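Dear colleague,

Please find below the structure that I am handing over to you. I should be grateful if you would read the notes after it with the model open.

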Amino acid sequence: MGQCGITSSKTVLVFLNLIFWFVIILLLVFVTEVVVVVLGYVYRAKVENEVDRSIQKVYKTYNGTNPDAASRAIDYVQRQLHCCGIHNYSDWENTDWFKETKNQSVPLSCCRETASSCNGSLANPSDLYAEGCEALVVKKLQEIMMHVIWAALAFAAIQLLGMLCACIVLCRRSRDPAYELLITGGTYA
């Protein structure tokens, strides 16, 4: 239809072709939004398994040095979420880093902000964050996923409302009498 309009210089056919492709693109975006919502809801429960597998791997590679990306990530998460270890601070006892250092302490990022003289020692567990990081990371990721799901739903609803309004306007326009030109004579611009 659009090709015929282009070759025969029919403006109406070209315009209809543009509208057709615009509607197709809108429908693809709408379907993508619906797929994001469905997949986000389905895989929301699987986040915990993936986080558990990943966090175990990262804790095993922890070496306590700042340049190491895994070590920086663990320290950052523990400071930001106020947590220590995977399930609690005792998880550090099973890591290679803990066994190699032999100083009976956890990283300083496990220290509570209120404990001024904390050195990460397991002898003073009250200076350490008691809650593990895995549950907090899972909770935070699920929270983010729910925000994405709600945003996609809101955008899809607005888009659907816009398409509905456009259809209403087109249907009403076909029932209204055609607009008359204000110019009664002469040439048309």
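Residues are numbered from 1 along each chain as its sequence is written, and side-chain values use heavy atoms, with hydrogens and water left out.

The mean pLDDT (the predictor's confidence in each residue, from 0 to 100) of the protein chain is 78, and 81% of its residues reach 70 or more. Where pLDDT is low, the predicted coordinates should not be read in detail.

A search of the whole structure finds four aromatic pairs. Rings of Phe, Tyr and Trp (its six-membered ring) pair if their centres lie within 6.5 Å; planes under 30 degrees apart count as stacked, over 60 as edge-to-face and the rest as tilted. Tyrosine 59 and tryptophan 92 form a tilted pair, with 4.9 Å from centre to centre and 55 degrees between the planes. This pair links distant parts of the chain, 33 residues apart: tyrosine 59 is in helix 3 (residues 47-60), and tryptophan 92 is in the loop between helix 4 and helix 5 (96-101). Tyrosine 62 and tryptophan 92 form an edge-to-face pair, at 4.9 Å and 70 degrees. Ring pairs link Tyr59, Tyr62, Trp92 and Trp97 into a cluster.

Tyrosine 59 and tryptophan 92 are both buried (under 20% relative accessible area; exposed is over 50%, partly exposed in between, with a 1.4 Å probe and protein chains only). Tyrosine 62 is buried as well, with a relative accessible area of 5%.

In helix 4, the buried residues are Ala70, Ser71, Ile74, Asp75 and Gln78. Seen down the helix axis, they fall within an arc of 130 degrees (taken from the directions from the axis to the C-beta atoms), so they line one face of helix 4. Histidine 82, which follows helix 4, has a positive phi, near 55 degrees.

Valine 51 lies in helix 3 and counts as buried at 10% relative accessibility. Valine 51 touches Glu134, Val137, Val138 and Leu141 (heavy atoms within 4.5 Å), not counting residues up to four places away in sequence. Valine 51 and valine 137 are 86 residues apart in sequence and 7.7 Å apart in space, C-alpha to C-alpha.

Yours sincerely

Definitions and conventions. Predicted model: local features only at pLDDT ≥ 70, side-chain atom pairs only at ≥ 80, totals over all residues. Helix = DSSP H or I, 4+ residues; strand = E, 2+ residues; numbered from the N terminus.
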